[in-house]
Amino acid sequence: MTPMTLHSHETWDWLISSPLAGITLTLVAYKLGRLALVRTGGNPFAQPVLIAIVLISAVLLTFDISYDDYVGGASYISFWLGPATVALALPLHHEWERVRRSALPVLLGVLSGTVASVASGVLVTRLFGGSHQLQLTMAPKAATTPVSIAVSGQIGGIPNLTAVLTIIAGITGAVAGPWLLTRIGVRDERARGLALGAASHGIGTSRALHESRSEGAFSGLSMALTALATSLVVPVLLLIL
Amino acid sequence: MLNGVIVLLACQLAGELGVRLTGLEVPGPVVGMLVFLLVLRLRRPSETDALVRAPELLLRHLQLLFVPAGVGVIVYLHQLRVNAVPLAAGLWLSWLFGLAVTGLAVTALLRVRRR
């Protein structure tokens, strides 16, 4: 009888390509991020999404696991981004009367914000020596990930790099958005929510929801309108810029 | 909870099918959100209804759903390093500009209307 040996190589190959590993790693890292947020007494730098990304990246790089292997499982989590976008109708429903009464400022505000961020994204990237492809990759970054990825692909950018820029824009908004808005004198919670959603999509909205339900509702609305406006405005602006 | 999840998925499905059938250049989940808003306006569910609890659960953990795409950063570490200046300047200045323009424009428009 041969002595029992551990099939460590086969087991490792199974583990890194199994959805179970990617999903578990993502949930545990996110849980640690939530704990950090609580432990630091809500320090705005301790955004769970930021902590989770750093932890998971460190694990993948340390064990030499490819992003493709990881995302095979993790995509079961990002799938829920679609239903979560649908779910943003709930705060909108709660605040419906206020939203209806300020429909015009909402539409004009989001449209001007989208034009501002797309145009300045392209121009500033160009000014600092970014290639044409890099400028296109930057253009749709304010829209929420599924949309920014799609638009980036349409216009000839690098979709996955756009996704990364989108996430960084989101985290920036969750960390510094409310503070900056206070600094520039934007105090109305409708204006604050709309600004956070327009510049920082769902991640900004998650911060806005923590500030107040009303701010969250306007932020979610803004994220949806910005996604719409970005897909319409980017191709037009690129003709001019 | 189950009913709420089914309704969310059905609304997204309706949105995705709608934009594909009509060929509209609009994100499917955004149309799904409008469908779900219509459902909520018509049904007016109570706070304990599955129609309220399922979306609340997803919105509470909204940040989690962005983690997998964010980890994509490890594929682009080289790109980010080589193009650090245009990417950082382009990203953060345009983020700041977009945030400020939206916030200030809405504030001004709300004030104009109040007069």
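1. For the residue classes used below, Ala, Val, Leu, Ile, Met, Phe, Trp, Tyr, Cys and Pro count as nonpolar, Asp, Glu, Lys and Arg as charged, and the others, Gly among them, as polar. The model is predicted. By these classes, ten nonpolar, six polar and five charged residues line the largest pocket.

2. That pocket holds about 490 Å³ of space. Of its 21 lining residues, Ser206(A), Leu209(A), His210(A), Leu59(B) and Arg60(B) lie nearest the centre. At least two lining residues come from each of α2 (19-39), α6 (89-94) and α12 (189-211) of chain A and α3 of chain B.

3. The second largest pocket has a volume of about 370 Å³ and a lining of 20 residues, with Ala150(A), Arg20(B), Val26(B), Pro27(B) and Gly28(B) nearest its centre. α10(A) gives the most to this lining, five residues. The lining has eleven nonpolar, six polar and three charged residues.

4. On the interface: 69 residues of chain B contact 98 residues of chain A. The two chains bury about 7,300 Å² between them, 80% of it on carbon and sulfur atoms. On the chain B side, Gln63(B), Phe66(B) and Trp95(B) lose the most area to chain A, together 11% of what that side buries.

5. Among the elements on the chain B side, α6(B) gives the most, with 25 residues. By class, the side of chain B that touches chain A has 48 nonpolar, 14 polar and seven charged residues.

Notes: Residues are numbered from 1 along each chain as its sequence is written. Chains are lettered from A and ligands numbered from 1 in the order in which they are written. This is a predicted model: local features need pLDDT of at least 70, side-chain atom pairs count only at pLDDT 80 or more; totals for chains, interfaces and linings use all residues. Side-chain values use heavy atoms; hydrogens and water are left out. Contact means heavy atoms within 4.5 Å. Buried area is the accessible area (1.4 Å probe) that two parts lose on being put together, summed over both. Helices (H or I, at least four residues) and strands (E, at least two) are DSSP runs, numbered from the N terminus. On a 1 Å grid over the protein atoms alone, a cavity is a set of points where a 1.4 Å probe fits but cannot get out, and a pocket is an open set with protein on both sides within 12 Å along at least five of seven lines; lining residues have an atom within 4 Å of a point. Grid points are joined across faces, edges and corners, and a volume is the space filled by probe spheres set on the points.
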